[in-house]
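Please take a look at the protein shown here. The briefing below goes through it topic by topic.

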Amino acid sequence: MHPRIEDYALIGDEQTAALIGRDGSVDWLCLPRFDSAACFARLLGDEDNGHWRIAPVGADRCARRAYRPDTLVLDTEWDTDEGSVRVTDLMPQRDRSPDVVRIVEGLSGEVTLRSSLRLRFDYGSVVPWVRRSDGHRVAVAGPDSTWLRSEPEVPTWGEDFGTHSQFTVAAGEKVAFVLTWHPSHEPRPPLVDPYEALEHSVADWRAWASRCRYDGPHRDAVVRSLITLKALTYAPTGGIVAAATTSLPEEIGGVRNWDYRFCWLRDSTLTLGALLACGYLEEAEAWRNWLLRAVAGDPADLQIMYGLAGERRLPEFELPWLSGFAGSAPVRIGNGAVKQLQLDVYGEVMDSLSLAREAGLSTKADMWALQSALMAFLRSAWRQPDEGLWEVRGPRRQFVHSKVMVWVAADRAVRTLEAHPELHGDLDGWRAMRDEVHREVCEKGYDPERNTFTQYYGSHELDAALLLIPRVGFLPPDDPRVIGTIDAVRDELGHGGLLHRYSAGESDVDGLPGGEGTFLACSFWLADALHMTGRTKEARELFERLVELGNDVGLLSEEYDPVAGAQLGNVPQAFSHIGLVNTALALFGADEAG
């Protein structure tokens, strides 16, 4: 049986991440960065595309697994007729090179285990040359090299283009494996002590988690979401990737498979707000600084997403040798949506920088000059149609959410000047622009017969992003048009109590065949909107259900299929976890976050 998306847990070192299944197999790992080529790609193909499994001989799925509390250290346990055993997986914070540490510990009886390592560089396509050196198995292929060792050494041999070990542990006995990657032209990096790495990783993660100021209901889920966001952060730059994976399908067997190992501007305000509210000021400032570097340059060239360090070129191509998750092809690398025009990102950037200024983050030189330049461009460009928040691959349209976020950009510029008279800008011009955008959206983006805003001017379709209208301050929550929009979105886009982003597959708006699952971030937005309009009981019931959609270790994907009861899309999804944190803060009070 093919694994399900929810079968995977995450470990990482804040520069890359690995996915580990319930069967003890590392099925996805890109080295040395989140967006590097994978050396384990079984997730999107089969065993011959690379994996590393450690499990009892003859065993399948584990009996239980869990993260150690407030850490990213994973314990997986099996019970067999001979006894019980635990495998502890982690990626320690790296000094120079990434390491995967796997520690086997006997719990009872005597259990025989097997380690099967199949390295396949370049997304499962390149078989390395493997040799022995000083007790290591050294694999080399082109620019990549890995060193595998065990402590103590156990019987190891090569077979079927893989490296295999078999050994027995009794209660209290341990065997540790360490896999280290480095550029093949460089010497072997210093050895990592696996047991010290475990001790330090547990201590470091718990110290970080203890800084969380939220102390309300579902604190464990909030902390797990924050740890996941931290794990999706590329520490050298502060950028936060949308997910650790590419091409996990939004519909099993479908073509809506995208690469999410990049940093999106659409997430910026919600991410910043979550980090600030929970007390993570250093991370918030690092994200704000990444944002400033990424968007620097000609405002006309602003992109919707960037690479981990702000790279602009993210060309999209397909990998025909990978069959895709559960046969869902194609597998895509890069993201062609990077070239799209999305006017909403200008509002996101202006909102984020306004939030950062009001939160007291250190002011950066030229920050206001950059904001003023963005406003100067937007003033001349806001009337254009665009591809919208959801990166549709159909024709450009006058998306209502995009125009609302244009209003946000003008509103935040006006508010900044009003609060900081020492800054200079076209206050009267931006006020006039704000009023004009507001008037146009209310005239062209609102359907008075149905009492709802629509997806784009003149359309009958709806969009879950309309739920953000009261949140960003475009209209107050008690405005009848807001209440009507919330009810219409829930009625028309609802499925099993959750929300679709829009009517995918029922219209030509996105230019793609097939459908997709319900979108978890949008379902959190619905909970927020219900709460803002006085329906807090319904909001809390929806939030409770959404929390339960996390897998056994608390990870959320991008989407969910209420019929199959299965996660869909890339995992873990930052947007979903940000939604969980922000909705918890909204529902259970700012006083719970200090």
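In α4, the residues S268, T269, L270, T271, L272, A274, L275 and L276 are buried. Buried means under 20% relative accessible area, exposed over 50%, and partly exposed in between (1.4 Å probe, protein chains only). This is a predicted model: local features need pLDDT of at least 70, side-chain atom pairs count only at pLDDT 80 or more, and totals for chains, interfaces and linings use all residues. Residues are numbered from 1 along each chain as its sequence is written, and side-chain values use heavy atoms, with hydrogens and water left out.

**Helix α4**

- Eight of the ten residues of helix α4 (residues 268–277) are buried, so the helix is largely enclosed by the rest of the structure.
- Helices (H or I, at least four residues) and strands (E, at least two) are DSSP runs, numbered from the N terminus.
- The buried residues of α4 pack against several elements, including α5 (281–295), α6 (344–358), α11 (520–532) and α13 (574–588).
- They also pack against the strands β17 (239–240) and β18 (263–264).
- After α4 comes G279, with a positive phi near 95°.

**Nonpolar cores**

- A nonpolar core is a set of buried Ala, Val, Leu, Ile, Met, Phe, Trp, Tyr and Cys residues joined through side-chain atoms within 4.5 Å.
- The largest nonpolar core has 194 residues, and W52 and W525 touch the most other members.
- Helix α8 (residues 400–419) gives the most to this core, with eleven residues.
- A second, separate core has ten residues, among them V178, V192, A197 and V202.
- Which residues does W525 contact, leaving aside its neighbours within four places in sequence? They are L270, L389, W390, A464, A465, L467, L468 and F575.
- Contact means heavy atoms within 4.5 Å.

**Overall build**

- The protein has 13 helices and 28 strands.
- Its radius of gyration is 25 Å, close to the 25 Å that the globule rule gives for 594 residues, so the protein is as compact as a globular protein of that length.
- The radius of gyration is taken over C-alpha atoms, and the globule rule is 2.2 Å times the number of residues to the power 0.38.
- The C-alpha trace spans about 75 × 50 × 50 Å along its principal axes.
- Of the 594 residues, 63% count as buried.
- Take contacts between residues at least 6 apart in sequence: 66% of them join residues at least 24 apart.

- P128 lies in the loop between α1 (121–124) and β10 (129–133).
- With 12% relative accessibility, P128 counts as buried.
- Not counting residues up to four places away in sequence, P128 touches L119, R120, F121, A139, V140 and A141.
- P128 and L265 are 137 residues apart in sequence and 38 Å apart in space, C-alpha to C-alpha.

**Backbone details**

- A cis peptide bond joins L31 and P32, with omega about 5°.
- P32 sits in the loop between β3 (25–30) and β4 (38–40).
- Another cis peptide bond joins E151 and P152, with omega about -5°.
- P152 sits in the loop between β12 (144–151) and β13 (156–159).
- Y123 is not a glycine, although its phi is positive, about 55°.
- Y123 is found in helix α1, and at 5% relative accessibility Y123 counts as buried.
- E391 is not a glycine either, and its phi is positive, about 60°.
- E391 is placed in the loop between α7 (367–381) and α8, and at 12% relative accessibility E391 counts as buried.
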